[in-house]
Number of protein chains: 2
Amino acid sequence: MTTADMDGYRDFYRGRRALVTGGLGFIGSNLCRALADLGAQVLAVDSLLPDYGGNLFNLAGYEDRVRINIADVRGHAMEYLVRDQDLLFNLAGQVSHVDSMSDPFTDLEINCRSQLWILEAVRKANPGLKIVYASTRQIYGRPLRLPVDETHPLQPVDVNGINKISGELYHLVYHSVYGIRTTSLRLTNTYGPRQLIRHDRQGFMGWFIRQVVLGETIELFGDGQQLRDLDFVDDVVDALLRAGASPAADGQVFNLGGDAPVSLLELVRQMTAIAGRGSYRLVPFPENRKRIDIGDFYADTHKVRTALGWTPTVSLADGLARTIEYYTQHKDRYL
Amino acid sequence: MTTADMDGYRDFYRGRRALVTGGLGFIGSNLCRALADLGAQVLAVDSLLPDYGGNLFNLAGYEDRVRINIADVRGHAMEYLVRDQDLLFNLAGQVSHVDSMSDPFTDLEINCRSQLWILEAVRKANPGLKIVYASTRQIYGRPLRLPVDETHPLQPVDVNGINKISGELYHLVYHSVYGIRTTSLRLTNTYGPRQLIRHDRQGFMGWFIRQVVLGETIELFGDGQQLRDLDFVDDVVDALLRAGASPAADGQVFNLGGDAPVSLLELVRQMTAIAGRGSYRLVPFPENRKRIDIGDFYADTHKVRTALGWTPTVSLADGLARTIEYYTQHKDRYL
């Protein structure tokens, strides 16, 4: 399939074998469901680490169509698991910025050392596999210019951003040195059903959604004017599917990003209006958050639009409504 | 001391306590000797890992003036060792590019995880310490433009380059988040007395020197026209001393680099002419080297010249003569 031929990327998955690391997590489980719906043979690998995003309920209704394998990716199990797969969607990660500062070694283990384990397993057992890696806009740090394109310097503000750079660069070096087909997508804030909302250490979106659904008061740090771009999870899944099906994406990195930046204050106003409950107030920045805050961020997505034909299709209002509806219905499974 | 006041940087070290990781290695031992000569109280910490650069003979004659502590930097010993120190010159590292591909986990342990151990030890036990970290031009990968300045994208071609990025970025984040005074120097090819010459996996300079001293035939890969810049080790030590003494260097990265680039062919011609022995021949690039070769490289050193007043002072001819003389006299200690 060529880039010009991206219309057929969904058909590409019929009968393909795809392994998803972090397959019980937020984005991973949404991807597993989409892959199964497209007729792929899906293997979800997850370590179900406590306090992380893995949740068996995320694959509810898909138990017969997605094989679940609980395993740590560091270990020889991966050499067995990657065999005979056509694709590996590599979504397992530690995503908390504050946790990466309070426990930098765990962040290193998961975002850095584990990636080497996965790549070595692929190199030894199945070097023909295609890999799509979930990177993050956190690697850019505080933007020097907006919107941020892929050539922006990498100057992360926390340990998580550093280790995610390693994870991405390992994938690129295994492409250039060993010819393994790897693509890295630099995700911005992603939201939607099946995200962790139990605690506030994995980004603001899950936490805001939780508080709105519970009718609580959201605390916005500073003046709430920080700009962010957001992607509904279905759009991120669509980008992953496009990257996996496209040889033109091999060895490449692509930003994802929302249609338009929104301030956190405006975001919270929309959320409470859509939900008809919840409220907000402005509070001073906590010191441990302020030190690693990145200010305004939104991504330039020209490259992915051109190469993969991707564009976000779910509006913020629609995505928020679907998310709030999901957690209102299933909140007992996520609290 | 201010930047304008860099003339006094050598006096700065009298009576100061300085810890040097990798203190028995090539650059570390030369630095320890210089620090001792300047009246500093020097503590050399080295793990003496087999096949690495540590060599007790490197501190011959300085046994009474440099305290030697054999230890792995990963472990609680570091929390004890950094106490009461004024400076930490962080030179411990795995420098082999080919080894980083054949054994990526060891490279990760030493260049990435060990750096977190060191920084966490400093944060907990002595956050007022000044740290100078030895980074490398390897983090740039194949240059997109020449000379390479500090804003050049980081796109390393091997695992070593990736893990050295992590090491440098950890130092910068521990500066921005915790206020620890850190400076990173991105070294180019360094040569001189006390470098490992036992095997060919730690860069070409030690290997070429060995073969010239032994009167052997150097194998140059490809056409020998690859450009490199080189620094004699005394010049690198001078840059480390300037960075350690300068508050203006805190939180900064600086390239080091030679006066003028030289082709490997021209370099080898000079070496054999100065030594009066040895020869060379051109051979095809071995596959495992070609895949991670960076082509031409030389650094833009404008920033370090301006900020720290540093400039290389030892000519290539003089540096090569001193190096060849050293190994001719002491080769039994290094073979």
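**How two chains meet, and what chain B looks like**

Modeller: Let's start where the chains touch: 24 residues of chain B are in contact with 24 residues of chain A, where contact means that C-beta atoms, placed from the backbone, lie within 7 Å. This is a predicted model, in which local features need pLDDT of at least 70 and side-chain atom pairs count only at pLDDT 80 or more, while totals for chains, interfaces and linings use all residues. Residues are numbered from 1 along each chain as its sequence is written, and chains are lettered from A and ligands numbered from 1 in the order in which they are written.

Biologist: Which helices of chain B each supply at least two residues of the side that touches chain A?

Modeller: Those are α4 (104–125) and α5 (159–178) of chain B. Helices here are DSSP runs of H or I with at least four residues, strands are runs of E with at least two, and both are numbered from the N terminus. The largest share, 9 residues, comes from α5(B).

Biologist: And what classes of residue are on that side of chain B?

Modeller: There are 18 nonpolar, 3 polar and 3 charged residues. Ala, Val, Leu, Ile, Met, Phe, Trp, Tyr, Cys and Pro count as nonpolar, Asp, Glu, Lys and Arg as charged, and the others, Gly among them, as polar.

Biologist: Why do the copies meet through the same surface?

Modeller: Because 100% of the interface residues of chain B are also interface residues in chain A.

Biologist: New topic! What is the strand order in the open sheet of chain B?

Modeller: The 7 strands run β3-β2-β1-β4-β5-β6-β11, with parallel pairing; strands pair if DSSP finds at least two bridges between them. At the edges stand β3 (66–70) and β11 (253–255) of chain B, each with a single partner strand, so one side of each has no neighbour in the sheet.

Biologist: How many bridges join β1 and β2 of chain B?

Modeller: Strand β1 (residues 17–21) and strand β2 (residues 41–46) of chain B pair over 5 bridges, in the parallel sense. Along that pair, Thr21(B) stands opposite Val45(B).
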